[in-house]
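Have a look at the model below. The notes after it walk through a few side-chain features.

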Amino acid sequence: MVTARDLGPVWSLEAVERLEAKTGEKFELVNGLVFAMAGASDAHLALAAEMMTQLGMQLSRGPRRGQCVAFQSDARVRVLDEDFETYRYPDIAVFCGERQRTGSSYVNPVVLIEITSPSTERVDQRTKLHEYTRIPSLEAYLLVDPGARRVTLHRRVAVASWREEDHVRGRVELPGTPAHVDIDELFAALPPP
C-alpha cells in the first residue's frame, strides 16, 4: 500500500498556514498532502450565498437564537483521527454551542455542507463523506448537486451509523440545529445557464 510518505515530503498544518499566508490562497491538508482549492463557479457562489442567507436568518431568530452559527468556506475543519491528519474547508460549517478549536482549526461542527461540481463530486460523495462522518459532533453532512437540483442528506442515526436521504423539493431539516434548507428557494437562486 502506498502512503503519503511514499509520495514525497509530508506537510504539516504549520507549513500549509505559512503557504496560505504567503500566497493568499487556501489549501487543504489531507494525510500529509497539500491540495489547492479551486475557484468556484457562478452556480456554486449563488447556492452558497442563498444557503448562508437561509441559515443566517433562521439561526439568528427564534427560541434558540444565537446558539448556532454558520460559517462559509473560510472555516477550516480538522478531522480528528489517529491514522491521518486532515484539514478541510467545507463550503459551509454549522456549529452549535461552544466552538472548539485545535490551533486555528475547528473540531466540532454539527453540520457540514458541500456544493458539488463535476470536478469535486467524487471526492465530496466518497472521500469527504468518509472523513466527515468520523467527526464525533457531526449530526449531518449535506451535499448540494446543482446539476441534478438535488440535495443529499447524510444523517447520523447512531454512533457509527448513517442514513442517506435524497430530496428534490420541500424542506430538509438540519439535525442538531433549529434550521432547515428550503430546496425550492435554494435552486431558484441559480443563475440562468
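## Tyr-106 and its ring partners

Tyr-106 counts as buried, at 9% relative accessibility. Keep in mind that this is a predicted model. Tyr-106 pairs with Phe-95 in a tilted arrangement, with 4.7 Å between the ring centres and 45° between the planes. Since Phe-95 is in strand β6 and Tyr-106 in strand β8, this pair ties together parts of the chain 11 residues apart in sequence.

Phe-71 is partly exposed, with a relative accessible area of 24%.

## The disulfide

How many disulfides does a search of the whole structure find? It turns up one. Cys-68 and Cys-96 form it, with their sulfur atoms 2.0 Å apart. The link of Cys-68 and Cys-96 is right-handed, with 105° about the S-S bond. Cys-68 sits in strand β3 (residues 68–72) and Cys-96 in strand β6 (residues 92–96), so the bond ties together parts that are 28 residues apart in sequence.

Are these cysteines buried or exposed? Cys-68 counts as buried at 6% relative accessibility. Cys-96 is buried as well, with a relative accessible area of 18%; the cut-off for buried is under 20%.

## A lysine over a ring

Here's one for anyone who likes charges and rings: Lys-26 lies over the face of Tyr-89. The distance from the ring centre is 5.0 Å for Lys-26.

## Around Arg-171

Arg-171 lies in strand β13, which covers residues 171–173. Its side chain makes a polar contact with the side chain of Glu-173, at 3.0 Å.

Which residues does Arg-171 touch if you leave aside its neighbours within four places in sequence? Those are His-180 and Val-181. As for Asp-184, it is 13 residues from Arg-171 in sequence, and the two are 8.2 Å apart in space, C-alpha to C-alpha.

Technical notes: Residues numbered from 1 in each chain as written. Predicted model: local features only at pLDDT ≥ 70, side-chain atom pairs only at ≥ 80, totals over all residues. Heavy atoms only, no water. Helix = DSSP H or I, 4+ residues; strand = E, 2+ residues; numbered from the N terminus. Contact = heavy atoms within 4.5 Å. Polar contact = N/O pair within 3.5 Å; in protein donor to acceptor, adjacent residues only side chain to side chain. Disulfide = S-S within 2.5 Å. Buried < 20%, exposed > 50% of the residue type's maximum accessible area, 1.4 Å probe, protein only. Phe/Tyr/Trp six-rings, centres within 6.5 Å; stacked < 30°, edge-to-face > 60°. Lys NZ or Arg CZ within 6 Å of the ring centre and 35° of its normal.
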